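Keep the viewer open as you read.

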Amino acid sequence: MKKELRRAVIAGNWKMNNTPSQAKALIEEMKPLVKDADCDVVLCVPFIDIPAAVEAAKGSNIKIGAENIHFKASGAYTGEISADMLKEAGVEYVVVGHSERRQYFAETDQTVNLRTLAAVNAGLKAIVCVGETLEQRELGYTETLLKYQTKMALTNVTKEQLKNIIIAYEPVWAIGTGVTATADQADEGNGFCRAAIAEAYGEDVAQTVTVQYGGSMNAKNAEELVAKVNVDGGLIGGASLKAEDFSIIVKAASK
Ligand code: PGA
């Protein structure tokens, strides 16, 4: 295991929170708190907040991401947003296949793959989410499912494009529930994702891919989680809405 080969990334996922003015205020508050980070700092924000967020983050070490991307370049897809639109708006990262998209918006492993390809083909960095439900875990399918979801998401992604992929292991039962995976469970889940990458691209390549943990990561538990060899930072929901908490997580990943 070669943790030093990978850059830790702490990414906030605001979900459907914050108006543009609130986005600006929160980023202004965060900027001085995270400026010395020794990890990548990303905020994935609602589409409508992107211009305000990009403007507020200018000149800082905070990068802006979106929370979804459509796989077609343009066309009759009411309500969707393309890679070119995101690029022109100044977005660098995009969350793909979040469990809330899978659960509430009929996202499948196929559409996750198409959205991932759209992102990397446009030169965006994709934060690809995978994770098992509690039922799947209890049935003993965690490893099988994580490997399957990871490989499906990466279908037709080249070795070169893999440099722009971050995998986020997010056990569904830990998202927004306050129930965090133990550090060992997170390490194991991240390890299954990395093993799937190794099976598809080789061990050397797999060692260079950033694999985050997500699911109720907060100011209190972040240090223990990110210390694990397979945990290269986190995808943070609730705790990314508070500047102080988010900055503590960034500091934990900078050690
Ligand atoms: P949470 O969300 O930190 O609020 O559990 C994580 C996520 O959904 O990415």
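Start at Ser-216, which counts as buried at 17% relative accessibility; buried means under 20% relative accessible area, exposed over 50% and partly exposed in between, with a 1.4 Å probe and protein chains only. Ser-216 sits in the loop between strand 7 (211-214) and helix 10 (222-226). Helices (H or I, at least four residues) and strands (E, at least two) are DSSP runs numbered from the N terminus. The phi of Ser-216 is near 55°, positive even though the residue is not a glycine.

A quick word on ground rules: this is a predicted model, where local features need pLDDT of at least 70 and side-chain atom pairs count only at pLDDT 80 or more, while totals for chains, interfaces and linings use all residues. Residues are numbered from 1 along each chain as its sequence is written, and side-chain values use heavy atoms, with hydrogens and water left out.

Now for the ligand. A polar backbone atom of Ser-216 is 2.7 Å from a ligand oxygen, and a polar backbone atom of Gly-237 is 2.9 Å from an oxygen of the ligand. The protein buries 95% of the 280 Å² that the ligand exposes when taken alone (accessible areas come from the Shrake-Rupley method with a 1.4 Å probe; for residues, only the protein chains shown count as cover).

Who else is there? Of the 13 residues around the ligand, Lys-15, His-98, Glu-170, Gly-176 and Ser-216 come nearest; a residue is near a molecule or strand if one of its heavy atoms lies within 4 Å of it.

Asn-18 also has a positive phi without being glycine, near 80°. Asn-18 belongs to the loop between strand 1 (9-13) and helix 1 (20-34), and is partly exposed, with a relative accessible area of 23%.

Next, go to helix 5, where you'll find Thr-116. Thr-116 is buried, with a relative accessible area of 0%. Leaving aside residues up to four places away in sequence, Thr-116 touches Val-96, Ala-126, Val-128, Ala-153, Val-157 and Ile-165, contact meaning heavy atoms within 4.5 Å.

One of those partners, Ala-153, takes us to helix 7, where the buried residues include Leu-145, Leu-146, Met-152 and Ala-153. The buried residues of helix 7 pack against several elements, among them helix 5 (109-121), strand 5 (125-130) and helix 8 (183-201).

Conventions: Polar contact = N/O pair within 3.5 Å; in protein donor to acceptor, adjacent residues only side chain to side chain.
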